[in-house]
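Please look over the chain shown here.

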Amino acid sequence: MVTSDEPLWELFRAVTRDVNAWPTLLAALEPELLAMARRQPIGRLRAREDSPREIVTRVFERLHANDHAAISALVALDPPPALRARLRVIVRHAAIDFMRKSPEFERATDTRPHHWVSLASLSSLQPAPDPA
């Protein structure tokens with residue numbers, strides 16, 4: 001895990017100059033983003049082993065979108081923001097989107113708060129067939 005922001009800033013700047021630097025940035029960011037994703041309050045989805053990786057994938061999609069527009073915008077800021085704080089915000093937004101898109105999560109309406117539903121297939125209500 002990277003401890004200083006400067007090496008990451010260099011990788012972000014490198015991506016704006018050369019798209020071939022993108023895989024190097026991914027490799028450097030992934031462990032840190034996974035750690036951030038594991039701490040996100042995403043309800044029952046947090047217990048699933050693949051949820052943090054799904055959140056990180058969404059973060060990478062956001063950073064890669066529109067020819068790395070989010071990265072270009074970050075690099076253009078003067079003075080540069082606290083990079084890890086900005087990454088935490090991006091991870092938080094990706095986690096919220098991940099939770100909201102889950103078929104088990106129903107968003108609030110005017111008449112009820114948000115809540116979780118349990119999914120079951122129609123066949124799950126049937127008794128198991130006799131193995132004989």
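The points below go from the whole chain to single residues.

This is a predicted model. The chain holds four helices and two strands. Their order from the N terminus is α-α-α-α-β-β.

**Whole chain**
- The chain has 132 residues, and 34% of them count as buried.
- Its accessible surface is about 8500 Å². Carbon and sulfur atoms make up 54% of that surface.
- Among contacts with a separation of 6 or more, 63% join residues 24 or more positions apart.

**Nonpolar core**
- The largest nonpolar core has 33 residues. Phe12, Leu25, Leu29, Leu33 and Ile55 touch the most other members.
- Helices α1, α2, α3 and α4 are the elements that each give two or more residues to this core.
- Leu25 touches Leu11, Phe12, Val15 and Ile71, leaving out residues up to four places away in sequence.

**Helix α2**
- Helix α2 covers residues 22-38, 17 residues in total. From first C-alpha to last, α2 reaches 23 Å.
- Which residues of α2 are buried? They are Trp22, Leu25, Ala28, Leu29, Glu32, Leu33, Leu34, Ala35, Met36 and Ala37.
- An α-helix has 3.6 residues a turn, so residues three or four places apart point the same way.
- The cover over the buried residues of α2 includes α1 (5-17), α3 (51-76) and α4 (83-101).

**Ser51 in α3**
- Ser51 belongs to helix α3. Its relative accessible area is 1%, so Ser51 is buried.
- A polar atom of the Ser51 side chain lies 2.6 Å from the backbone oxygen of Leu45.
- Setting aside neighbours within four places in sequence, Ser51 is in contact with Ile42, Leu45 and Phe98.

- Asn66 lies in α3. Its phi is near 50°, a positive value in a residue other than glycine.
- Is Asn66 buried or exposed? At 68% relative accessibility, Asn66 counts as exposed, because the cut-off for exposed is over 50%.
- His68 is also placed in helix α3. Its phi is positive, about 65°, although His68 is not a glycine.
- His68 has 4% relative accessibility and therefore counts as buried, the cut-off being under 20%.

**Loop between α3 and α4**
- Pro79 sits in the loop between α3 and α4.
- The peptide bond from Asp78 to Pro79 is cis. Its omega is near 0°.

**Ile90 in α4**
- Ile90 is part of helix α4. With a relative accessible area of 15%, Ile90 is buried, as this value is under 20%.
- What does Ile90 touch, not counting residues up to four places away in sequence? The residues are Val59, Arg62 and Leu63.
- Ile90 and Leu63 are 27 residues apart along the chain. Their C-alpha atoms are separated by 9.1 Å.

How values were computed. Residues numbered from 1 in each chain as written. Predicted model: local features only at pLDDT ≥ 70, side-chain atom pairs only at ≥ 80, totals over all residues. Heavy atoms only, no water. Expected span 1.5 Å × (residues − 1). Buried < 20%, exposed > 50% of the residue type's maximum accessible area, 1.4 Å probe, protein only. Contact = heavy atoms within 4.5 Å. Polar contact = N/O pair within 3.5 Å; in protein donor to acceptor, adjacent residues only side chain to side chain. Areas by Shrake-Rupley, 256 points an atom, 1.4 Å probe, with all protein chains shown as cover. Core = buried A, V, L, I, M, F, W, Y, C linked by side-chain atoms within 4.5 Å.
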